[in-house]
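Subject: Handing over the two-chain model

Hello,

Here is the structure for you to take over. Please open it first, then read the notes below.

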Amino acid sequence: MKIMITIITLLFMLSLPAGAFAETLEDRVKTLEETLKKQEQTIEELRVLQETLKRQDQTIFEQRKLIEELKAEVKQVEPSVSAESSAANKSIETGQIQQQVQELKEQVGQVVEAQRKVLPSEFNPSIGLVGETIFSYRSKGSAQTGSDRPGGFDAFQRSVELNAAASVDPFAKAYVVANATADAHTGESTFNIEEAAIQTESLPWNLTVKAGRFFGEFGRLAYIHDHELPFVNRPLVLAQYIGGESRTDGVQVNWLLPIEHYVSLTVGAGNQFGGDAPPNNVGDFRQLGGWNYWGRLSTYFDLTPDISFEPGVSGLWNPKTLDRGGPLAQPDGSTLAERERRLVGADFALSWKPLRNNQFQSLTWGTEVLHSNNRYDVNSADSTMFNRSVGSLGLYSYLTYKFHRQWSAGFLYGFVEDAQDNKAKTYEYSPYITWALSHWDQLRLQYTYTNHNTASGLSPDHAVYVQWAWIIGSHSHGWQQR
Amino acid sequence: MKLKLLCLYSIILLIGVFCIGLMPAHAGKIRVVATLTDLADFASAVGGDLVEVHSLATGVEDTHGVPMKPSFVPIMNRADLMILVGMDCEHAFLPALLEASKNPRIQTGRSGYVDCSQGIIPREVPKTTGHSAGDVHPYGNPHYMLDPVSAKLAIENIYNALVAFAPQDKAQFKRNRDAYFTKLNAKISEWEKEMKPLKGVKFVSYHEHWPYFAARFGIEYFGTIELRPGIDPTARHIEELVASMKAQHVPIVVREPQFPERVPKRIAEQTGATMITLPIMPGGVPDTETYIKMMDYIVHTMVTAVQSKK
């Protein structure tokens with residue numbers, strides 16, 4: 001019994017501390033867990049601190065390196081520095097470094113400036129404006145010369161030409177030329193669209209397509225704007241057979257032959273051909289024959305590095321002109337009605353442009369011969385009606401010698417048989433001198449003697465012209481200006 | 001009858017031209033067209049046997065006066081790469097030729113259009129591009145090729161273009177480029193050493209071709225004979241230039257060979273300066289067919305002229 005009580009007591013006594021121990025252990029586990037947590041936190045903080053220290057170490061290292069480099073640079077600039085002058089030398093070195101930094105800043109600034117020039121105008125087309133004034137004196141009135149300008153003293157704003165061009169997309173570009181020319185009688189200017197066309201840029205097989213309103217490629221000078229001609233006025237034969245500039249509304253395809261030698265072939269079709277030419281009398285339905293069809297084949301030869309020869313042939317056909325220009329009264333009392341228009345031409349340019357100083361010296365000889373063979377219905381004076389073709393010949397030839405960057409002089413000879421009456425002939429002789437103050441500012445003085453044979457019924461005329469042409473805004477050297 | 005003759009003439013012309021101009025078989029080389037002779041020299045150096053290089057200029061032309069010859073058109077039509085100085089240097093002839101070439105690969109911005117001015121820090125960027133300032137280049141003076149260190153950037157651009165076109169030949173282009181750089185770097189050190197005694201020497205030239213050259217070699221570009229870029233000098237401008245040259249003791253008048261001799265010679269005589277004729281691209285004067293030979297000639301002529309005045 002006693003043993004039992006002793007054992008129970010002992011067990012009781014043992015369990016008490018065990019209980020107490022159990023409590024302490026739990027607490028201790030909790031405490032340990034908390035301590036562990038804290039220690040983990042501390043470890044994390046120490047890790048972050050370690051990384052910070054690493055970064056700071058790196059920064060210190062880099063700064064030390066930079067200091068060493070600067071020291072080396074300074075030493076290089078002034079290798080021998082005495083103790084007494086070291087302070088002064090340091091300020092000189094600083095000054096040089098500052099100067100270099102300033103120069104770098106200026107250069108970077110210039111680059112930024114150049115960028116600023118481009119970015120604001122990024123979406124603008126290239127825009128330019130051409131102005132051209134002709135002052136003239138003609139010895140005969142317009143009734144005697146057949147000109148649309150009056151005789152005597154005249155001032156004529158022939159061109160106020162606004163042009164704009166830009167890319168349409170990766171495949172095409174477009175341009176427009178709007179010109180206001182003063183009317184001969186009223187003096188008022190009307191803005192006309194001379195050209196507005198789209199041109200492809202990436203067709204295969206060396207093809208280019210142009211569509212819209214443009215100057216069709218015919219001959220040498222027909223598709224050159226008036227102010228870009230080598231002389232004041234368009235040669236007589238072009239004025240009469242083409243009708244001024246070769247303006248048309250239509251489509252034109254150019255093919256660069258895929259051979260080593262330059263050969264260019266152009267074909268086109270469109271309404272009307274010739275800005276000043278009378279339109280076809282279409283009526284209410286235009287047949288395909290009512291269109292104009294034209295073509296040009298040209299090539300080029302380098303005879304020597306300084307001398308080149310560029311020939312070409314051209315043709316124009318309008319199968320059904322349908323009384324173009326209305327009834328055409330003739331001096332013999334008959335009346336013509338044009339039924340078909342046919343024109344062929346051959347041209348060449350022979351140029352000497354020495355490579356070394358072609359901006360100061362060159363000689364160009366250009367010639368074009370045209371044959372017009374239009375078909376007319378004739379209502380003769382005695383009311384007889386018949387059909388006839390009138391074959392007429394015309395040509396011009398000019399020689400321009402450039403003897404200074406600013407100065408050139410030349411001579412133009414022209415001859416034309418009237419397209420409706422080849423017995424009426426007109427001749428022109430025009431010496432001219434040009435002073436190009438710059439690319440964009442040009443004065444030209446020209447004398448023209450125009451003579452007619454008796455059949456034309458017109459009188460000879462002496463004329464003096466002063467032409468002043470200028471350009472503002474965008475200016476590009478087009479292919480025609482070669 | 002006349003029409004038949006004309007048609008016959010056209011047919012004969014066409015047949016004749018076809019016979020002359022039939023294209024030979026493609027040799028498998030990269031067809032490179034360069035606007036100017038220095039770029040052609042670099043393209044040949046980097047491309048080696050793998051390229052067929054054609055230069056539009058022969059070296060004697062004004063860089064702004066290279067003619068727009070139709071005979072360039074078929075060459076450009078077949079080109080794989082079109083290499084140009086850039087910064088509008090070629091504005092007088094290249095845009096029209098590019099259009100006439102009908103080659104979409106080499107049009108502006110395409111992969112075959114290699115503008116060597118990429119990375120060049122421009123000098124003399126004009127504050128105005130109005131015509132009152134003359135025929136200025138809106139992106140800065142484009143004549144950086146006369147600085148051989150800037151020319152190295154152009155070579156790098158040519159190298160990058162060749163590698164982009166023919167990556168399989170990169171190793172050879174790299175070898176060629178590195179070999180040329182080694183040669184050029186040695187010459188640059190030589191030129192810098194030769195030109196060192198000329199530091200601060202003033203000179204004038206006909207056209208503003210020389211600011212990069214002057215900056216590289218530490219000589220002072222005093223002014224130009226032209227009134228403005230592309231504008232011939234007036235009598236008053238010449239008078240003022242002579243007076244200021246005398247006051248500042250400018251010893252050298254540089255005449256580029258594409259400009260007439262008369263005015264620079266007269267200015268040199270009136271100021272007591274020495275007139276020297278310096279090319280602006282390889283081939284501009286005899287025995288300067290490569291870029292290095294051209295720079296040798298320029299440096300040597302300038303040094304000799306200055307030393308003869310001392």
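A residue is called buried if 20 or more other C-beta atoms lie within 10 Å of its own. By that test, 47% of the 310 residues in chain B are buried. In chain A, 27% of the 482 residues count as buried. Please keep in mind that this is a predicted model.

**The two chains**

Chain A has four helices and 18 strands.

Chain B has ten helices and eight strands. Its C-alpha atoms fill a box of roughly 70 × 60 × 35 Å along the principal axes. Among its contacts between residues at least 6 apart in sequence, 62% join residues at least 24 apart. The rest of this message is about chain B.

**The sheet with order 2-1-3-4**

Which order do the strands take here? This open sheet of four strands in chain B runs 2-1-3-4, with parallel pairing. Strand 2 and strand 4 (113–115) of chain B are the edges, and each pairs on one side only. From one strand to the next, the twist averages 25 degrees.

Start with strand 1 (residues 30–34) of chain B. Strand 1 of chain B has parallel neighbours on both sides:

- Five bridges join strand 1 of chain B to strand 2 (residues 51–55) of chain B. Here Val33(B) has His54(B) as its bridge partner.
- Three bridges join strand 1 of chain B to strand 3 (residues 81–84) of chain B. Here Val33(B) stands opposite Met82(B).

Strand 3 and strand 4 of chain B run parallel and are joined by three bridges.

**Helix 2 and its surroundings**

How does the chain get from strand 1 to strand 2 of chain B? It passes through helix 2 (residues 37–47) of chain B, and this β-α-β crossover is right-handed.

Eleven of its eleven residues are buried, so the helix is largely enclosed by the rest of the structure. The buried residues include Asp38(B), Asp41(B), Phe42(B) and Val46(B). What covers them includes strand 1, strand 2 and strand 3 of chain B. Helix 5 (148–165), helix 6 and helix 10 of chain B are also among the covering elements. After helix 2 of chain B comes Gly48(B), with a positive phi near 60 degrees.

Why does Val53(B) count as buried? It has 20 C-beta neighbours inside 10 Å. Leaving out residues up to four places away in sequence, Val53(B) touches Val32(B), Ala34(B), Ala40(B), Ala43(B), Ser44(B) and Gly47(B). Take Ala43(B) from that list. Val53(B) and Ala43(B) are ten residues apart in sequence, and their C-alpha atoms are 7.0 Å apart.

**The sheet with order 6-5-7-8**

Chain B also holds an open sheet of four strands with the order 6-5-7-8 and parallel pairing. Strand 6 (220–224) and strand 8 (274–277) of chain B each have a single partner strand, so one side of each is left without a neighbour in the sheet. The twist averages 30 degrees from one strand to the next. Inside this sheet, three bridges join strand 5 (residues 202–205) of chain B to strand 7 (residues 252–255) of chain B, which run parallel. Val204(B) has Val253(B) as its bridge partner in strand 7 of chain B.

**Helix 6 against helix 10**

Two packed helices are described by the angle between their axes and the distance between the axes. Helix 6 (residues 170–195) and helix 10 (residues 291–309) of chain B pack at about 10 degrees, with axes 10 Å apart. Helix 6 and helix 10 of chain B are therefore roughly parallel to each other.

From helix 6 of chain B come Leu184(B), Lys187(B), Trp191(B), Glu194(B) and Met195(B). They meet Ile292(B), Met295(B), Val299(B) and Val303(B) in helix 10 of chain B. By class, this contact has seven nonpolar, no polar and two charged residues.

Best wishes

Technical notes
Residues are numbered from 1 along each chain as its sequence is written. Chains are lettered from A and ligands numbered from 1 in the order in which they are written. This is a predicted model: local features need pLDDT of at least 70, side-chain atom pairs count only at pLDDT 80 or more; totals for chains, interfaces and linings use all residues. Axes are lines fitted to C-alpha atoms, for helices over the stretch in contact, and angles run from 0 to 180 degrees between N-to-C directions. Helices (H or I, at least four residues) and strands (E, at least two) are DSSP runs, numbered from the N terminus. Angles under 35 degrees count as roughly parallel, over 145 as roughly antiparallel, 65 to 115 as roughly perpendicular and the rest as oblique. Two residues are in contact if their C-beta atoms, placed from the backbone, lie within 7 Å. Ala, Val, Leu, Ile, Met, Phe, Trp, Tyr, Cys and Pro count as nonpolar, Asp, Glu, Lys and Arg as charged, and the others, Gly among them, as polar. A residue is buried if 20 or more other C-beta atoms lie within 10 Å of its own, exposed if 12 or fewer, and partly exposed in between; C-beta atoms are placed from the backbone. Two strands pair if DSSP finds at least two bridges between them. A crossover is right-handed if, with the strands pointing away from the viewer, the path from the first strand over the helix to the second runs clockwise.
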